[in-house]
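Colleague: I am new to reading models of this kind, and I would like to go through some of the words used for them. Could you show me the structure before I begin to ask?

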Amino acid sequence: MKVLFAGGKGLLGTSITPFFKKRFDVVSLDIDEWDITDREAGEAIVAREKPDALINCAAVTDVDGCEDSKELAEKVNSRGAAILADICSKQGIRLVHISTDYVFDGAKGFPYTEEDTPNPISFYGKTKLWGEEQVLAKAPASLIIRSQWLYGEGGQHFISKILKTARERGSLQVVDDQRGSPTYAMDVAGPLAILIANKESGIYHISNSGSCTWYELAQEVFSTLRMDVRVAPISSQTLNRKATRPAYSVFDIKKVERATGVIMRSWQEALREYLQRSQTRINSVRRQA
Ligand SMILES: NC(=O)c1ccc[n+]([C@@H]2O[C@H](COP(=O)([O-])OP(=O)(O)OC[C@H]3O[C@@H](n4cnc5c(N)ncnc54)[C@H](OP(=O)(O)O)[C@@H]3O)[C@@H](O)[C@H]2O)c1
């Protein structure tokens, strides 16, 4: 099976391509080689590569930035997804489109299923929902994967940012009124590969299990690493960011577990493995220097 990634050099793409490369023939491209909003380029690339599945990881993911750069966010997250769906539909390719917990408003208070009605409260969330809708309208056999609170070996994310701040300042403030499931990007790969191989379609939620607030996640990171860092809980209102985030976006992940037989491990277990791997990498770089 051949898999083509768009936006493949971002956090998720970088984290999952090694897993896919062990099982499938993989071509991973990013914006420097393929801008997904360029229809002609997309048609030519898909016709040249002839993949069995196209995984769309390309997106404008700066949630606050999307409030300022609305045109760009809409262009990439909605119209870009629509263009890929058109191309896949015409060329008979399975489209796997990656989406987000930010399609929900966070008011539910208990885990969101795939059947719950989205109601995004940020412009980023709106563009991602429009993207999902376009994909399902134009290529109904597509697979839509919603994930959340991702971290991993590639790119910038919450954990890399708090570690940098902690090393620079020794203390930090972290919001304690948003609850979700931190998800090791690598853990998305296994169930995703099974869904693709089984030719599943429709919406699936994938995250590690359990939940916490960003503040609790920061505490877990520093205690696991035995770092003496002062972490103060604050409210989202105090942080006063441009985009509003859902206060609660935990997923119900039973659908993907049933479909794939993969039981998603807890966020704490996944985090421990990620931090151990990061430490091993840092130590080996130090030894080589
Ligand atoms: N990170 C999370 O916590 C999270 C949570 C839930 C869902 N998701 C979803 O997961 C997917 C992957 O996100 P990620 O975290 O890997 O984001 P990311 O690190 O920002 O990666 C996105 C990649 O897409 C590229 N890109 C931007 N515009 C493009 C275009 N027009 N054509 C082709 N590539 C383009 C970006 O390039 P530049 O960096 O050069 O712009 C980047 O390499 C997205 O759909 C996102 O909505 C992410």
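Colleague: Where is the place of Arg258?

Modeller: This is a predicted model, and in it the place of Arg258 is in helix H10.

Colleague: Why is Arg258 called exposed?

Modeller: Exposed means over 50% relative accessible area, and Arg258 has a relative accessibility of 66%, so Arg258 counts as exposed.

Colleague: What makes Arg245 buried or exposed?

Modeller: Arg245, which sits in the loop between helix H9 (236–239) and helix H10 (254–260), has a relative accessible area of 12%. Buried means under 20%, and therefore Arg245 is called buried.

Colleague: With the side chain of which residue does the side chain of Arg245 make a polar contact, and how do you know that the term applies?

Modeller: The partner is the side chain of Asp64, at 2.7 Å, and because a polar contact needs a pair of N or O atoms within 3.5 Å, the pair of Arg245 and Asp64 can be called one. Leaving aside neighbours within four places in sequence, the residues in contact with Arg245 are Val63, Asp64, Tyr102, Ile121 and Gln178.

Colleague: Which residues of helix H2 are buried, and how do you know on which side of H2 they are?

Modeller: In helix H2, residues 39–49, the buried ones are Gly42, Ile45, Val46 and Glu49. They cover an arc of only 95 degrees around the axis, so they are on the same side of H2. Among the elements that cover these buried residues are strand S1 (2–6), strand S2 (25–29), strand S3 (53–56) and helix H4 (70–91), whereas the face turned away from the buried side carries the exposed residues Glu40 and Arg48.

Colleague: What is found at the start of H2, and what just after H2?

Modeller: At the start of H2, a side-chain oxygen of Asp38 comes to within 3.3 Å of the backbone nitrogen of Glu40, and just after H2, Lys50 has a positive phi of about 45 degrees.

Colleague: What makes Trp149 buried or exposed, and what makes Arg226 buried or exposed?

Modeller: Trp149 lies in the loop between strand S5 (143–147) and strand S6 (150–151), and its relative accessible area is 9%, so it is buried. Arg226 lies in the loop between H8 and strand S12 (230–234), and its relative accessibility is 77%, so it counts as exposed.

Colleague: How do you know that the buried residues of H8 line one face of the helix?

Modeller: The buried residues of H8 are Trp214, Tyr215, Leu217, Ala218, Val221 and Phe222, and because they fall within an arc of 160 degrees seen down the axis, they line one face of the helix.

Colleague: At what angle do helix H6 and helix H8 pack, and what kinds of residues make up their contact?

Modeller: Helix H6 (residues 158–169) and helix H8 (residues 214–224) pack at an angle of about 65 degrees, with their axes 11 Å apart, and H6 passes H8 in a right-handed crossing. Phe158, Ile159, Ile162, Leu163 and Ala166 in H6 meet Trp214, Leu217, Ala218, Val221 and Phe222 in H8. The residues of this contact divide into 10 nonpolar, no polar and no charged.

How values were computed. Residues are numbered from 1 along each chain as its sequence is written. This is a predicted model: local features need pLDDT of at least 70, side-chain atom pairs count only at pLDDT 80 or more; totals for chains, interfaces and linings use all residues. Side-chain values use heavy atoms; hydrogens and water are left out. Buried means under 20% relative accessible area, exposed over 50%, partly exposed in between (1.4 Å probe, protein chains only). Helices (H or I, at least four residues) and strands (E, at least two) are DSSP runs, numbered from the N terminus. The arc is that of the directions from the helix axis to the C-beta atoms. Contact means heavy atoms within 4.5 Å. A polar contact is a pair of N or O atoms within 3.5 Å; within protein, one must be able to donate a hydrogen and the other to accept it, and residues adjacent in sequence count only if both atoms are side-chain atoms. Axes are lines fitted to C-alpha atoms, for helices over the stretch in contact, and angles run from 0 to 180 degrees between N-to-C directions. A crossing is left-handed if the near helix is turned anticlockwise from the far one by less than a right angle, and right-handed if clockwise. Ala, Val, Leu, Ile, Met, Phe, Trp, Tyr, Cys and Pro count as nonpolar, Asp, Glu, Lys and Arg as charged, and the others, Gly among them, as polar.
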